[in-house]
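This report walks through one protein chain, element by element. Keep the coordinates open while reading.

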Amino acid sequence: MATNPRQPAVAPPSDDKRWRIVQAAMRRNGFRRDALIETLHAVQESFGYLDEDSLRYVARSLHTPMSHVYGVSTFYHFFSLKPAGEHTCVVCTGTACYIKGAPELLDAVSKEFHIGDGETSADGKLSLLTARCLGSCGLAPAAVFDGIVAGKVSSDGVIERLRAWQSGAGAVAVSPAMAAENEGSAVHA
Ligand code: FES
């Protein structure tokens, strides 16, 4: 089926009205690839940051490879890939992780810190995000703590790390975790 590049053939990630602003920016530029930066600006101004869903949406709408969109959004310092929290915990909700308990992890974090997916705690210390698959399915359930992947995480382990962040002990286990990741394994939370 042929697609008209001037038409928004891709549905936005949610019903949020802010997507209309993003769509307007893309429409203004005829859904051309060279409108990428302007479009990412529109997303960031509307939502405060660029998450995976928004990047994927922009990539599909502008018929641009996800790798290019990701490259641009990480190259320019004025784009932020995470909410404003001091620390970020990304819980994988891909199929393997979902089966192995990702919903329970999210539930535990939500109950303990009163934040849901895409939200930041009132004190600005913690942001919670989800991802569809981190590519570490063998280690499900997996999560990313400030950019460092951890495998076979438990609710207690996640809570413990987040409590440490909240109390200001942000550097806990970061270096060993990074080492484990670089060696092809992941730490257990
Ligand atoms: S589904 Fe979670 S890492 Fe693949």
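## Helix 6

How many residues does helix 6 have, and how far does it reach from its first C-alpha to its last? Helix 6 covers residues 102-113, which makes 12 residues. The reach is 16 Å, close to the 16 Å expected at 1.5 Å a residue. The model is predicted, so these values are computed from predicted coordinates.

Ala102, Leu105, Leu106, Val109 and Phe113 are the buried residues here. They cover an arc of only 95° around the axis, so they sit on the same side of helix 6. What do the buried residues of helix 6 pack against? Their partners are strand 1 (87-92), helix 5 (95-99), strand 3 (126-131), strand 4 (143-145) and helix 7 (155-166).

## Overall layout

The chain holds 8 helices and 6 strands. From the N terminus, the order is α-α-α-α-β-α-α-β-β-β-β-α-α-β. The chain has 189 residues, and buried residues make up 31% of them.

Is strand 1 largely enclosed or open? It is largely enclosed by the rest of the structure, because 5 of its 6 residues are buried.

Strand 1 pairs with strand 3 in the parallel sense, over 6 bridges. Within strand 3, Leu128 stands opposite Cys89. Strand 1 also pairs with strand 4, this time in the antiparallel sense and over 3 bridges. Ala143 in strand 4 is the bridge partner of Val91.

## Helix 7

Helix 7 has 12 residues. From first C-alpha to last it reaches 16 Å, close to the 16 Å expected at 1.5 Å a residue. Its buried residues are Val158, Arg161, Leu162 and Trp165. Seen down the axis, these residues fall within an arc of 95°, so they line one face of helix 7.

The buried residues of helix 7 pack against strand 1, helix 6, strand 3 and strand 4. Gly168 follows helix 7, and its phi is positive, near 100°.

## Nonpolar cores

The largest nonpolar core has 27 residues. Which of them touch the most other members? They are Cys89, Val91, Leu105, Val109, Ala142 and Ala143. Strand 1, helix 6, strand 3, strand 4, strand 5 and helix 7 each give two or more residues to this core. Helix 6 gives the most, with 5 residues.

Leaving aside residues up to four places away in sequence, Leu105 touches Val91, Pro141, Ala143, Val153, Ser155 and Val158. A second, separate core has 14 residues, including Val43, Leu55, Tyr57 and Leu62.

## Backbone exceptions

Which residues does a cis peptide bond join? They are Ala140 and Pro141, with omega about 0°. Pro141 sits in the loop between strand 3 and strand 4.

His114 follows helix 6. Its phi is positive, about 60°, although His114 is not a glycine. The residue lies in the loop between helix 6 and strand 2 (119-120). Is His114 buried or exposed? It is exposed, because 10 other C-beta atoms lie within 10 Å, and a residue with 12 or fewer is classed as exposed.

Lys152 also has a positive phi, about 50°, and is not a glycine. Its place is the loop between strand 5 (148-151) and helix 7. Lys152 counts as partly exposed, because it has 18 C-beta neighbours inside 10 Å.

## Helix 1

Met26 lies in helix 1 (residues 18-28).

Conventions:
Residues are numbered from 1 along each chain as its sequence is written. This is a predicted model: local features need pLDDT of at least 70, side-chain atom pairs count only at pLDDT 80 or more; totals for chains, interfaces and linings use all residues. Helices (H or I, at least four residues) and strands (E, at least two) are DSSP runs, numbered from the N terminus. The expected span of a helix is 1.5 Å times one less than its number of residues. A residue is buried if 20 or more other C-beta atoms lie within 10 Å of its own, exposed if 12 or fewer, and partly exposed in between; C-beta atoms are placed from the backbone. The arc is that of the directions from the helix axis to the C-beta atoms. Two residues are in contact if their C-beta atoms, placed from the backbone, lie within 7 Å. Two strands pair if DSSP finds at least two bridges between them. A nonpolar core is a set of buried Ala, Val, Leu, Ile, Met, Phe, Trp, Tyr and Cys residues joined through C-beta atoms within 7 Å.
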